[in-house]
Amino acid sequence: MVKKIMKFFAYLLFFLFALAFFTPKESLYYLLEANLKKFDVVISNEKVLPHLLSLELENLEVSAKGIDSAVVKEADIMLLLLYNKIELQDIQLSSVVEAYVPSKIKDVVVSYSIFNPLVITFEAEGGFGEAQGEVSLTKRELTFKLKPSKIMLKRYKRSMRMLKKSENGEYVYAKVFK
């Protein structure tokens, strides 16, 4: 009985690994790009490098509604079916954002797990400090906690007023989308 269960899990793991390995990652990326175009978000000048279980992208230029919005130095997309992760590094936002937050972002990690399928989590670090949060798909709610940098506290006081300060010194933001 135990051997049959172990054999079942071994075959299941092998199947999941093979499925993740043979997934057409480049095709999924171009499908994502086509779907983003419907919202007037265009990614251009990227270099696509496929790997065994991930897809690496370099020098992405992102524009929204015809306005240059960001330049992402490196992106790594890992699709493992049970756990998916997108890592963005060295992001330079448009100078328009400079009035609200620092435009340099060191890294952003967005992850999704099938074990908690209705929540997307993220972590970010940059000139604004450190942030971590989640997006609830059922409640359509964004919440995040920010540990602001000294620059954020001094130069971006208007943006900081939108956040509520918690007892432990972090700032919290919550927004419901319709």
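**Charges, cover and salt bridges**

Analyst: The chain has 26 positive and 21 negative charges, and their mean positions are 7 Å apart. Lys and Arg count as positive, Asp and Glu as negative, while His and the chain ends are not counted. Each charge is placed at NZ of Lys, CZ of Arg, CG of Asp or CD of Glu. The model is predicted, so local features need pLDDT of at least 70 and side-chain atom pairs pLDDT 80 or more, whereas totals for chains, interfaces and linings use all residues. Residues are numbered from 1 along each chain as its sequence is written, and side-chain values use heavy atoms, with hydrogens and water left out.

User: Why is Ser54 called buried?

Analyst: Buried means under 20% relative accessible area, exposed over 50%, and partly exposed in between (1.4 Å probe, protein chains only). Ser54 has 12% relative accessibility, so Ser54 counts as buried. Ser54 lies in strand 3, residues 54–64. Leaving aside neighbours within four places in sequence, Ser54 is in contact (heavy atoms within 4.5 Å) with Lys25, Asp76, Ile77 and Met78.

User: What makes Glu87 and Lys85 a salt bridge?

Analyst: A salt bridge is a side-chain nitrogen of Lys or Arg within 4 Å of a carboxyl oxygen of Asp or Glu. For Glu87 and Lys85 the N to O distance is 3.3 Å, so the pair meets the rule. By this rule the count comes to three salt bridges.

User: Why are Glu87 and Lys85 called partly exposed?

Analyst: Glu87 has a relative accessible area of 22%, and Lys85 has 21% relative accessibility. Both values lie between 20% and 50%, so both residues are partly exposed.

User: Which parts does the salt bridge of Arg155 and Glu98 tie together?

Analyst: The side chains of Arg155 and Glu98 meet at 4.0 Å, N to O. Arg155 lies in helix 3 (residues 150–155) and Glu98 in the loop between strand 5 (83–93) and strand 6 (104–113), so the pair ties together parts that are 57 residues apart in sequence. Helices (H or I, at least four residues) and strands (E, at least two) are DSSP runs, numbered from the N terminus. Arg155 is exposed, with a relative accessible area of 59%, whereas Glu98, at 30%, is partly exposed.

User: How do you know that Glu125 forms a salt bridge with Lys106?

Analyst: The closest N and O atoms of Glu125 and Lys106 are 3.9 Å apart, which is within 4 Å, so the pair counts.
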